[in-house]
Every structure is written in C-alpha cells, then in structure tokens.
Amino acid sequence: MTAEALRCRKELETRALKRFSGDADMAQLWLRTTQPTLGWSPWAHAVDEGHRNECLRLLDAAMPKGKRR
C-alpha cells in the first residue's frame with residue numbers, strides 16, 4: 001500500500017467516525033461494506049485523493065442511525 005493510500009484512508013476513517021458521532025462500529029461498518037455507488041467498500045476505493053473525495057461525498061450523504069427522516 002502506498003503512503004498516499006494510507007493517508008487517504010486515515011482521513012476517510014477519521015471523517016467517518018465524526019459522521020457517525022463517535023460510533024466506531026458504525027463507522028467501520030460503513031467503511032468496510034460494499035457501497036453500490038462505488039462498486040466496493042470505501043476502504044478499498046480510497047487509494048488516492050480523487051477516489052477519497054468520492055468516498056467523502058458519499059459519506060456526507062450518509063445519515064447516522066436514528067437520524068433518518
């Protein structure tokens with residue numbers, strides 16, 4: 001794995017944890033589950049800045065449990 005991929009994944013993980021209000025299990029579930037929009041998990045997808053940004057846009061659309069309308 002490249003240094004860029006590690007950096008992108010770490011940032012994505014940090015943002016996912018914030019998005020899911022500190023619920024590490026939910027953040028990890030989102031990171032490791034295949035997302036239909038991406039065709040695979042955000043963790044596997046975030047190998048460079050462009051792909052990380054796609055994941056971040058998808059994450060911004062994710063609603064934490066109990067927050068759905």
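Does Glu 11 count as buried, partly exposed or exposed, and what is the relative accessibility behind that label? Glu 11 has a relative accessibility of 30%, so Glu 11 counts as partly exposed. Bear in mind throughout that this is a predicted model.

## Overall layout

The protein has four helices and zero strands, and its pattern along the sequence reads α-α-α-α. Of the 69 residues in the protein, 32% are buried.

How much of the contact picture comes from residues 24 or more positions apart? Among contacts with a separation of 6 or more, such pairs account for 51%.

## Helix 1 alongside helix 4

Helix 1 covers residues 3-19 and helix 4 covers residues 49-61; their axes come within 10 Å and cross at roughly 10°. That angle makes helix 1 roughly parallel to helix 4, since angles under 35 degrees fall in that class.

## Glu 11 and Arg 52

Glu 11 belongs to helix 1, while Arg 52 belongs to helix 4. The two residues are 41 apart in sequence, yet their C-alpha atoms are 8.6 Å apart in space. Setting aside residues up to four places away in sequence, Glu 11 touches Arg 52 and Leu 56.

Arg 52 is buried, because its relative accessible area of 9% is under the 20% cut-off.

## The nonpolar core

In soluble globular proteins, nonpolar side chains tend to be buried together. Here the largest nonpolar core has 13 residues. Those with the most contacts inside it are Leu 12, Ala 16, Phe 20, Trp 30, Leu 31, Cys 55 and Leu 59. Helix 1, helix 2 (24-32) and helix 4 are the elements that each give two or more residues to this core, and helix 4 supplies the largest share, with four residues.

Ala 16 is a handy place to start exploring. Not counting residues up to four places away in sequence, Ala 16 touches Ala 27, Trp 30, Leu 31 and Leu 59. Ala 62, in the segment after helix 4, is 46 residues from Ala 16 in sequence and 9.5 Å from it in space, C-alpha to C-alpha. Ala 62 counts as buried, with a relative accessibility of 14%. Beyond its neighbours within four places in sequence, Ala 62 is in contact with Arg 19, Phe 20 and Trp 30.

Across the whole structure, a search finds zero disulfides. Cys 8 counts as buried at 0% relative accessibility, and Cys 55 is buried with a relative accessible area of 0%.

## Two loop residues

Ser 21 sits in the loop between helix 1 and helix 2. Its phi is near 50°, a positive value in a residue other than glycine. Ser 21 is exposed, with a relative accessible area of 62%.

Trp 40 is found in the loop between helix 2 and helix 3 (42-45). At 46% relative accessibility, Trp 40 counts as partly exposed. Leaving out neighbours within four places in sequence, Trp 40 is in contact with Thr 33, Thr 34, Gln 35 and His 45.

Note on methods: Residues numbered from 1 in each chain as written. Predicted model: local features only at pLDDT ≥ 70, side-chain atom pairs only at ≥ 80, totals over all residues. Heavy atoms only, no water. Axes fitted to C-alpha atoms, helices over the stretch in contact; angles between N-to-C directions. Parallel < 35°, antiparallel > 145°, perpendicular 65-115°, else oblique. Core = buried A, V, L, I, M, F, W, Y, C linked by side-chain atoms within 4.5 Å. Buried < 20%, exposed > 50% of the residue type's maximum accessible area, 1.4 Å probe, protein only. Contact = heavy atoms within 4.5 Å. Disulfide = S-S within 2.5 Å.
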